[in-house]
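Please keep the sequence and the structure in view while reading the points below.

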Amino acid sequence: MDFTGKRVLVVGTGVSGIAAIKLLAAKGAKPVVLEGNEKADREQVVARIPEGIEYDLIIGNLPEEVMDTLDLAVLSPGVPTDLPFVIKLQDKKIPVWGEIELAYVCGSGRLAAITGTNGKTTTTALTGAILREYYDSVFVVGNIGLPYTEYALEMKDSSVTVAEVSSFQLETIHTFRPEVSAILNITPDHLNRHHTMECYIDTKARIAENQTKDQICVLNYEDEHLQKLAAKIPADIFWFSSKRPLERGIWLDGEDIIYKDQEEIKICTIHDMQLLGVHNYENVMAAVAITMHMGVPVECIRKAVAEFKAVEHRIEFVREVGGVKYYNDSKGTNPDAAIKAVEAMVAPTVVIGGGYDKQSSYEEWIASFGDKVKCLVLLGATADKIEETARKAGFTNIVRVASLKEAVEASAAQAQSGDAVLLSPACSSWDMFKSYEQRGTLFKEYVNQL
């Protein structure tokens with residue numbers, strides 16, 4: 001698409017929005033920047049946009065007379081598509097894209113894309129590490145924290161990109177078509193945005209909607225939603241399983257990871273990697289399946305898997321204090337992710353939980369505690385809801401705190417030598433923090449102050 005002279009609305013002035021503004025300006029477009037927060041400081045917004053870019057800035061509501069001048073609108077991932085002004089744009093037949101669609105249209109080379117409720121960041125980071133063992137020009141972008149739009153112009157025909165893509169980003173794709181896609185799992189999440197589980201599942205499935213039978217979609221055989229979804233996906237399905245051998249796919253056979261397409265290959269054992277837990281073995285299998293289909297030799301895959309360490313904020317070991325091991329799982333932003341973190345613990349554990357309410361249900365998370373979790377330290381907007389759920393289930397050793405620093409101190413008081421303390425909130429961070437990264441970084445600071 002030729003963007004020269006086009007008036008393109010960019011909604012949002014966060015990291016993704018600013019990257020989109022820079023990309024559009026480089027392509028010759030005239031960005032119209034909308035900061036929807038009417039209380040936003042104009043000077044602060046202007047300071048975020050690089051000098052030398054010509055743009056119009058609107059703070060607050062988007063006037064209808066401005067809408068009528070637009071050729072295209074680009075939404076940042078945090079902007080819901082059911083806002084009245086977005087619906088009005090669509091009624092006016094103005095195309096509404098997301099940042100991912102814009103980057104895809106402007107980028108070059110081959111693309112793999114990964115979505116799912118949990119495991120996206122680890123799988124994307126590992127996929128990128130494997131690709132870098134073989135290819136010279138590799139980009140790891142998307143919801144992992146590096147805007148796709150930031151790097152699109154650097155991509156060449158020989159480049160290989162792996163993108164972590166959220167359900168929010170998939171709402172606004174149109175032509176986006178990865179060579180290999182993957183849906184790792186689907187469990188309830190973001191129902192405050194998608195409203196129904198059916199809508200959430202359909203949105204995740206969009207990652208593969210433009211693929212052809214000549215392209216690959218990697219799916220989790222043990223996920224009942226994906227079993228049902230597979231028949232609707234146009235791509236060639238390649239399964240992975242942590243529980244059973246497959247006629248074609250990749251699976252966990254005892255302690256071995258076995259890959260079978262034309263021939264059966266033992267990739268590695270679980271002792272060859274530095275990641276803990278069955279959920280991480282699934283992440284490894286998905287990354288191996290993606291990169292095998294992207295043409296990476298198995299020797300490169302084995303080397304990268306063996307060297308790869310857990311990503312920051314995902315069951316990340318922080319330090320040991322007085323015989324107590326502290327783990328940062330701030331990226332456990334929903335109950336299913338938090339369950340996986342509890343399952344990975346091997347010692348009596350104090351869990352720190354609570355945060356922003358995404359209309360999740362916490363019964364299964366509490367049920368996963370079994371005899372392993374000895375105390376639950378709660379903070380944030382969901383503390384009341386989680387405490388009520390826990391007490392109904394018969395779990396009563398609950399400590400309430402007002403801050404994360406207090407949570408660390410209370411956990412240290414509850415834990416004994418040989419125990420673990422796990423920050424795995426089962427909730428997003430937005431009630432008290434800018435992001436899960438900020439929450440995890442502060443947790444590590446407070447642990448290091450003990």
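In this predicted model, strand β6 and strand β9 (residues 180–183) pair in the parallel sense, and four bridges link them. Within this pairing, T115 stands opposite I183 in β9.

**Strand β6 and its partners**

- Strand β6 spans residues 110–115 and is mostly covered, as five of its six residues are buried.
- Strand β8 (residues 160–164) also runs parallel to β6, and five bridges join the two.
- In β8, the residue opposite A113 is A163.

**The five-stranded sheet**

- An open sheet is formed by five strands in the order β3-β2-β1-β4-β5, with parallel pairing.
- Its edge strands, β3 (56–59) and β5 (96–98), each pair on one side only.
- From one strand to the next, the twist averages 25 degrees.
- Helix α5 (residues 99–106) packs on this sheet and touches β4 and β5; the direction of α5 makes about 85 degrees with that of β5.
- Strand β1 (residues 7–11) runs parallel to strand β4 (residues 72–75), and four bridges connect them.

**The largest pocket**

- The largest pocket holds about 1400 Å³ of space.
- Its lining comprises 44 residues, and those nearest the centre are P77, N143, W430, K434 and S435.
- Five helices each supply at least two residues of this lining: α1 (15–26), α6 (120–132), α8 (167–170), α10 (197–205) and α18 (436–448).
- Sorted by class, the pocket lining has 25 polar, eleven nonpolar and eight charged residues.

**Cavities**

- Three cavities of 30 Å³ or more are found in a search of the whole structure.
- The volume of the largest cavity is about 70 Å³.
- Residues lining the largest cavity include N118, G119, T122, N185, R314 and K340, together with H279, N280, E282 and N283.
- Helix α12 (residues 278–293) gives the most to this lining, contributing four residues.
- The lining of the largest cavity has seven polar and three charged residues, and no nonpolar ones.

Notes:
Residues numbered from 1 in each chain as written. Predicted model: local features only at pLDDT ≥ 70, side-chain atom pairs only at ≥ 80, totals over all residues. Heavy atoms only, no water. Pairing = 2+ DSSP bridges. Axes fitted to C-alpha atoms, helices over the stretch in contact; angles between N-to-C directions. Contact = heavy atoms within 4.5 Å. Buried < 20%, exposed > 50% of the residue type's maximum accessible area, 1.4 Å probe, protein only. 1 Å grid on protein atoms, 1.4 Å probe; cavity = no way out; pocket = protein on both sides within 12 Å on 5 of 7 lines; lining within 4 Å. Points joined across faces, edges and corners; volume = space filled by probe spheres on them. Nonpolar A, V, L, I, M, F, W, Y, C, P; charged D, E, K, R; others polar.
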